[in-house]
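Dear colleague,

Please read the notes with the coordinates open beside them.

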Amino acid sequence: MSEVKYKFGECIGKGNFGDVFKATDKTTKKVYAIKVINLDCSEDMGSLIQEIRFLSLFRSPFITRYCEAFIDDIQMYVVMEYCGRGSCSDLLRVVKRMSETLAAFVIRETLKGLHYLHTQQKVHRDIKAANILVTDNAEVKVGDFGVSGEITDTHIKRKTFVGTPFWMAPEIIARKKYGGYDERVDIWSTGITTIELVRGVPPLLDQDPMKMVFQIPKCEPPILKGDKYSRYIKLFVKDCLKMEPKDRPTAQSLLRHPFIMNALFVEFAKLVESVKRHQTRNPKTPKVPRYKIPLDWVNEDDLIHHQKHDNPNWDDKRIEWDFETLKSLRQGPIGKQDYIDVKSSIGNGSNMQIDTVGVTLVALNSLRGAMAKAAAVNNNINSHNDKTSLVEPKSPRLCTGEVLYFCLQRVYLRAKSKETKRTVLELINVLLQYEDSNPGLSAAIVEEILKFGKQNGSSLEDTR
Ligand SMILES: Nc1ncnc2c1ncn2[C@@H]1O[C@H](COP(=O)(O)OP(=O)(O)OP(=O)(O)O)[C@@H](O)[C@H]1O
């Protein structure tokens, strides 16, 4: 373990690839944000570091600066400019939704950042409120460009469930059909982010992300409906969300859009101030990082949070699940239609090339592969008349193991926070990977739950 020039403070965010920490340069005392990415394999690290070096040459007041990157063990540390107010998604957590003038300001600055990136031949690929950062002085900066995208191009990310597809342009999902994609994917995501800012959530957030992946390239683009929105914002969203990428305006031309003319810095600065006051009155408990960093790199005051993930008895009392949806989920046994939906959404993916979506092609393939293997194993067991097997291989519905993934998808929908959703996706991913090499685990879990249900049916009432 090497000496580092930074002292790590609290964990301020958790992304798909790792945690973000506030950190201080021990000599200059300057504060930075450091993204810690768990790479799990070393071969891609060199090219990632190269990429960060390249990105660190970028200079624009509308993008967060990359300062440097280093590696320790299997983790890469990306040192970035610190944006003290976090992301626009953090702001939305407090204010729920933004007025059109506020959203116009955020989008204007985002478009300036995108214009800069596009002139540098860089496509962001992941524009969403969570990647639009805000400084203490109410400056808005595009963050997280490059890093996530570059990881996408390595096998690290392809093995993993990443993000959610709600902001994703159709051509990223159906690359073959569109013959690739370019910077205009960022214009699509800007349209979705505009809706997210004024409504608090992107369109179709209540949908199953697995189904979304297949629907985005097929369905009509989302529109911003309702009398409370001006025709300018509706038109702006419509212009960004053109199915055909060549019909979308460039970032530069969108800067002259009538909606953008509404942008008011003063309003936004007031909002940032009021959120700051709110956060001072209700300080956030620092997040417990997912990945360990060497404890002697950590500031003493923050040690406790870094150590929590080592403590299996750590009891975080936050209620993470949307129990309101419990009733609708309990309306009776899951219908056949539900099963078919799951199957058909998996089946529809076969002719699509999927990249950085909530459910990757690899994950879907491994689900299919794992299930095929599990079915084969079960068939084999049954053909040998092994009476202990509960699996009906010729069942017209899902095989036993698939039920687990179906249920986990529903659990995903019930999770309230983004972080919990991610954890559920990770769980699905871990199961899929294990299932791939050792078919039968998912079926065994479902069988045990079914057995338990049969034996203890009445005691399975609401035990929450
Ligand atoms: N430079 C920064 N300054 C201050 N806070 C930051 C900075 N970068 C990220 N954060 C905080 O960390 C959170 C998580 O960021 P991160 O980029 O890891 O996640 P994400 O964008 O949600 O997911 P992904 O891994 O797909 O990029 C942000 O929402 C923000 O609150």
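I begin with arginine 97, which lies in the loop between helix H2 (88-95) and H3. Please keep in mind throughout that this is a predicted model. With a relative accessible area of 48%, arginine 97 is partly exposed, since exposed would require over 50%. Arginine 97 and glycine 200 are 103 residues apart in sequence, and yet their C-alpha atoms are 4.5 Å apart in space. Leaving aside neighbours within four places in sequence, arginine 97 is in contact with Leu92, Leu197, Val198, Arg199 and Gly200.

As for the chain as a whole, the protein has 19 helices and seven strands, and of its 464 residues 49% count as buried. Among the contacts with a separation of 6 or more, 71% come from residues 24 or more positions apart.

The next item is a helix pair. The axes of helix H3 (residues 100-119) and helix H12 (residues 265-281) come within 9 Å and cross at roughly 100°, which makes H3 roughly perpendicular to H12, because angles of 65 to 115 degrees are classed that way. On the H3 side the contact is made by Thr101, Leu102, Phe105 and Val106, and on the H12 side by Phe265, Glu267, Phe268 and Leu271. Sorted by class, this contact of H3 with H12 has six nonpolar residues, one polar and one charged.

Turning to the aromatic residues, a search of the whole structure finds 14 aromatic pairs. In one of them, the ring centres of phenylalanine 8 and tyrosine 77 are 5.8 Å apart and the ring planes stand at 80°, so the pair is edge-to-face, the cut-off for that class being over 60 degrees. Phenylalanine 8 lies in strand S1 (residues 6-14) and tyrosine 77 in strand S5 (residues 75-81), so the pair ties together parts that are 69 residues apart in sequence. Both phenylalanine 8 and tyrosine 77 are buried, and both belong to one aromatic cluster formed by Tyr6, Phe8, Phe21, Tyr32, Phe70, Tyr77 and Trp297. Elsewhere, a charge meets a ring: the charged end of lysine 128 sits over the ring of tryptophan 167, at 5.8 Å from its centre.

Two backbone angles may also interest you. Lysine 29, although it is not a glycine, has a positive phi of about 65°, and lysine 29 lies in the loop between strand S2 (18-25) and strand S3 (31-38). Its relative accessibility is 57%, so lysine 29 counts as exposed. Glutamine 121, also not a glycine, has a positive phi of about 60° and lies in the loop between H3 and strand S6 (132-134). Here the relative accessibility is 70%, and glutamine 121 therefore counts as exposed.

Finally, where does glycine 180 lie? Its place is in the loop between helix H7 (175-178) and helix H8 (184-199). At 26% relative accessibility, glycine 180 counts as partly exposed, and, not counting residues up to four places away in sequence, glycine 180 touches Glu171 and Arg175.

Methods. Residues numbered from 1 in each chain as written. Predicted model: local features only at pLDDT ≥ 70, side-chain atom pairs only at ≥ 80, totals over all residues. Heavy atoms only, no water. Axes fitted to C-alpha atoms, helices over the stretch in contact; angles between N-to-C directions. Helix = DSSP H or I, 4+ residues; strand = E, 2+ residues; numbered from the N terminus. Parallel < 35°, antiparallel > 145°, perpendicular 65-115°, else oblique. Contact = heavy atoms within 4.5 Å. Nonpolar A, V, L, I, M, F, W, Y, C, P; charged D, E, K, R; others polar. Phe/Tyr/Trp six-rings, centres within 6.5 Å; stacked < 30°, edge-to-face > 60°. Buried < 20%, exposed > 50% of the residue type's maximum accessible area, 1.4 Å probe, protein only. Lys NZ or Arg CZ within 6 Å of the ring centre and 35° of its normal.
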